[in-house]
Amino acid sequence: MRHALMTRFVVIATVVLALAAALFALLANVTEAPAEARMPAILDPGPTDLAAGPGEPVGVRGVA
Amino acid sequence: VTNVVRGLLWSVVYLAAVIAPLFFMLVGDAPPGRGWWMELSIALGFIGLAMVGLQFAVTARFHPVDAPYGLDAVLQYHRQISLVAFGFILLHPAILMVEDPERLALLNPATATTAARWGLASVVLLIAIVVTSVWRAQLKLNYEVWRILHGLLAIGIVITALVHVERVGYYVSGPWRRGLWIVMSLVLVGLLGYVRLYKPWRLLRTPYVIDGVEQLPGDTWRVHLRPDGHEGLRFSPGQFAWLTVGNSPFQIEEHPFSFSSSAERPQRLSFTIKELGDFTSRIGELEPGTRAYLDGPYGAFSYERNQGSGFVFLAGGIGISPIMSQLRTLADREDPRAMLLFYANPDLDDVALREELDRLEVRLDLEVVSVLEDPPDDWDGEAGLIGPELLDRYLPAHEELLQFFVCGPDPMMDAVEEALLDRGIPPGHVNLERFDFI
């Protein structure tokens, strides 16, 4: 019983968390970033600076 | 009802603890969004990271958290939700790469940014922890090695992921968000300190001494412990504790065992242990007088919190251990209720506690049904497995009013649970103890 309820909670938690992620994506896009921030220069690190770290593009900090 | 309310409360707290940091990042001067799919990917990554971080809390054995569910069910949650977190975290880079296939280059450490390298390292460690946990037996990893590896990999996953987030830097700017990440990191360090330092330090005040080790039939041993300078541990019959043998409680090696002694006798605790692994195969070598420590009690597999007009116990092999504790306690308390015990074993040599069960049949209103999968020719008990036909023959009328306790190997428990539910036994009356933690 306890184990079955726990499995049920895992399913509920998965759905709730997935919905939360979707909601976050909606809210985060209320203010949209400029186009260059949407496609960070991950393929061509380009010039680096100390703030960005070795190999990181200047300015745009990549994708999380 | 109290346990149900507490259980619901902790479930809500868990979900809030995972979700709240995510939305906290949108408070104040939030950075602008970068498209729905990218932000979804990032949200899944953050949620996955929060879930992994919270695993340190889920497995920290906090009594208030474990009590409503039972630690065995909490650890089952730990295993299942880990796979969900694993899926969320894998979706994070997967969505980015599907959205723009050029991002597949993120998988190449030589061309990816530092941030991506840390993220990749975290994912590699995550894959390693899932593989070594799900397939531990197939990989022939012994429990002690696995446990150390599991802890190190878990810490590695969180550290590399936090560095990944910090290097990307998109949602960690500003004092509020930076403060949040510092607090979350400190909570994780605090949890590690609680589990590895504070809890063992508290155990120093309640040491035990091995009082005797008896060999029983079927590669089974009974270990007796007595408290050394304190009153002993109060537990509910059917619960279990984590046993550490040696002079220091600050050890990685500890093992969960069910009490098999009566809860009415805390001055002499007993565990009935079958030789199943590296540690248990050395149980017979324990010397009387050796120091030991107990972290517990844990578990919800007890008649004390599941009262009925009578009890039916169904034990498979060493699953008899927590049931023996309940029967001994019921006998010490002179409980008049009717009880039925199905005790299943592969063959006669595996039956560990027959003589004591005979004595308990005299002290209690108890009927013991011995079941052997492979009985000898002169066997007068039941043969085969515990199934619907056997239950038909022995269960009394109004069986739905009884409480059922099932403990044994997983396949046996699955089959018995299904058979009981098919008979119309209310799910709340079917109590299972799954002691196969990993």
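Glu399(B) is buried, at a relative accessible area of 13% (buried means under 20%, exposed over 50% and partly exposed in between, with a 1.4 Å probe and protein chains only). This residue pairs with Arg423(B) in a salt bridge, the closest N and O atoms being 2.6 Å apart; a salt bridge here is a side-chain nitrogen of Lys or Arg within 4 Å of a carboxyl oxygen of Asp or Glu. The pair links distant parts of the chain, 24 residues apart: Arg423(B) sits in the loop between helix H11 (410–422) and S12 of chain B, and Glu399(B) in the loop between helix H10 (388–394) and strand S11 (403–407) of chain B. Arg423(B) is partly exposed, at 26%.

The model is predicted, so to speak of local features takes a pLDDT of at least 70, and side-chain atom pairs count only at pLDDT 80 or more, while totals for chains, interfaces and linings use all residues. Residues are numbered from 1 along each chain as its sequence is written, chains are lettered from A and ligands numbered from 1 in the order in which they are written, and side-chain values use heavy atoms, with hydrogens and water left out.

Back to the charged pairs: a search of the whole structure turns up 25 salt bridges over all chains. One of them joins Arg265(B) to Asp332(B), with 2.9 Å between the closest N and O atoms. Arg265(B) lies in the loop between strand S4 (255–258) and strand S5 (269–274) of chain B and Asp332(B) in helix H8 of chain B, so this pair ties together parts that are 67 residues apart in sequence. Helices (H or I, at least four residues) and strands (E, at least two) are DSSP runs, numbered from the N terminus. Asp332(B) is partly exposed, with a relative accessible area of 23%.

Arg333(B) has a salt bridge of its own, to Glu304(B) (2.8 Å, N to O). Here the partners are 29 residues apart, with Arg333(B) in the loop between H8 and S8 of chain B and Glu304(B) in the loop between strand S6 (291–298) and strand S7 (310–316) of chain B. Both ends are partly exposed, Arg333(B) at 33% and Glu304(B) at 31%.

Helix H9 (residues 354–363) of chain B has Glu356(B), Leu357(B) and Leu360(B) as its buried residues. Seen down the axis of H9(B), these fall within an arc of 100°, so they line one face of the helix; the arc is that of the directions from the helix axis to the C-beta atoms. They pack against strand S2 (220–227), helix H8 (320–332), strand S8 (338–345) and strand S9 (365–372) of chain B, contact meaning heavy atoms within 4.5 Å. On the face turned away from the buried side, H9(B) carries the exposed residues Glu355(B), Arg359(B) and Val362(B).

Then there is the second largest pocket, with about 630 Å³ of space. A pocket is an open set of points on a 1 Å grid over the protein atoms alone, where a 1.4 Å probe fits, with protein on both sides within 12 Å along at least five of seven lines; lining residues have an atom within 4 Å of a point. Of its 24 lining residues, the closest to the centre are Arg2(A), Leu5(A), Val4(B), Pro68(B) and Tyr69(B). H1(B) gives the largest share of the lining, seven residues.

Definitions and conventions:
Grid points are joined across faces, edges and corners, and a volume is the space filled by probe spheres set on the points.
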